[in-house]
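Biologist: Please put the model up. I would like to go through the terms used for it and hear what each one rests on.

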Amino acid sequence: MKDYKYIITDRGYNYLPEPYKFVSFNEFIQAISNNKIYDVEFRQIKNTNKNILLNTNIFYMDIVSYAVCIDNNNIFYYKIGCEHDFESENIGNCYNKLTCKKCGIVQNVDSSD
Ligand SMILES: [Zn+2]
């Protein structure tokens, strides 16, 4: 598996990588439809209230990951990773280099289109 810099803490198989937050079904579907998924990882996440394990799949992508988790009949969607704060730097013609001030992840963006 790649090294995903935007994940700050990973406590392993029974936890979601951190940080994470709830997102809507729409955001989840848009994210996994519009981005290349590099890895899918199955975990069983500890539910803090009920002490049971919830089946979860994590979809690892370039600058963020998403997870879907099932608790009885309820389905939860999570966004995993740094809430990026990008700083843009022009690196020639139409290319910009975006660097996150928090986690250091780097993206090159072609702004010609
Ligand atoms: Zn970041």
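Modeller: An open sheet of 3 strands runs in the order β6-β7-β8 with antiparallel pairing. The twist averages 25 degrees from one strand to the next, with axes fitted as lines to C-alpha atoms and angles taken from 0 to 180 degrees between N-to-C directions. This is a predicted model, in which local features need pLDDT of at least 70, side-chain atom pairs count only at pLDDT 80 or more, and totals for chains, interfaces and linings use all residues. Residues are numbered from 1 along each chain as its sequence is written.

Biologist: What makes β7 and β8 a pair?

Modeller: Two strands pair if DSSP finds at least two bridges between them. β7 and β8 have 5 bridges in the antiparallel sense, so they pair under that rule. Within this pairing Leu-98 stands opposite Gln-107 in β8, and Thr-99 has Val-106 as its bridge partner. The hairpin of the two strands has 5 residues between them, and there Gly-104 takes a positive phi near 85 degrees.

Biologist: Why does Gly-92 count as exposed?

Modeller: Gly-92 has 7 C-beta neighbours inside 10 Å, so it counts as exposed. It is found in the loop between β6 (86-90) and β7 (95-100). With 9 other C-beta atoms within 10 Å, Asn-93 is exposed, and its phi is positive, about 40 degrees, although it is not a glycine.

Biologist: Where is Asn-72, and what makes it exposed?

Modeller: Asn-72 is in the loop between β4 and β5. Its count is 8 C-beta neighbours inside 10 Å, and therefore it is exposed. Asn-72 is not a glycine either, yet has a positive phi of about 50 degrees.

Biologist: What is the order of the sheet of 5 strands?

Modeller: The order is β1-β5-β4-β3-β2, in an open sheet with antiparallel pairing. β1 (20-23) and β2 (39-46) stand at the edges because each has a single partner strand. The twist averages 30 degrees from one strand to the next. Helix α1 (residues 25-34) packs on the sheet, touching β1, β3, β4 and β5, and its direction makes about 130 degrees with that of β4. Touching here is contact, that is, C-beta atoms placed from the backbone and lying within 7 Å. β4 and β5 pair in the antiparallel sense over 7 bridges, and Val-68 stands opposite Tyr-77 in β5.

Biologist: What is counted as a helix or a strand, and how many of each has the protein chain?

Modeller: Helices (H or I, at least four residues) and strands (E, at least two) are DSSP runs, numbered from the N terminus. The protein chain has 1 helix and 8 strands, running β-α-β-β-β-β-β-β-β from the N terminus on.

Biologist: Which residues make up the largest nonpolar core?

Modeller: Its 12 residues are Tyr-4, Tyr-6, Ile-7, Leu-16, Ile-45, Ile-58, Tyr-60, Tyr-66, Ala-67, Tyr-78, Ile-80 and Cys-82. β3 (53-60), β4 (65-71) and β5 (74-80) each supply at least two residues of this core. The term covers buried Ala, Val, Leu, Ile, Met, Phe, Trp, Tyr and Cys residues joined through C-beta atoms within 7 Å. Not counting residues up to four places away in sequence, Tyr-6 touches Ile-63, Val-64, Gly-81, Cys-82, Cys-103 and Ile-105.

Biologist: What joins Glu-18 and Pro-19?

Modeller: A cis peptide bond, with omega about 0 degrees. Pro-19 is in the segment before β1.

Terms used
A residue is buried if 20 or more other C-beta atoms lie within 10 Å of its own, exposed if 12 or fewer, and partly exposed in between; C-beta atoms are placed from the backbone. Two residues are in contact if their C-beta atoms, placed from the backbone, lie within 7 Å.
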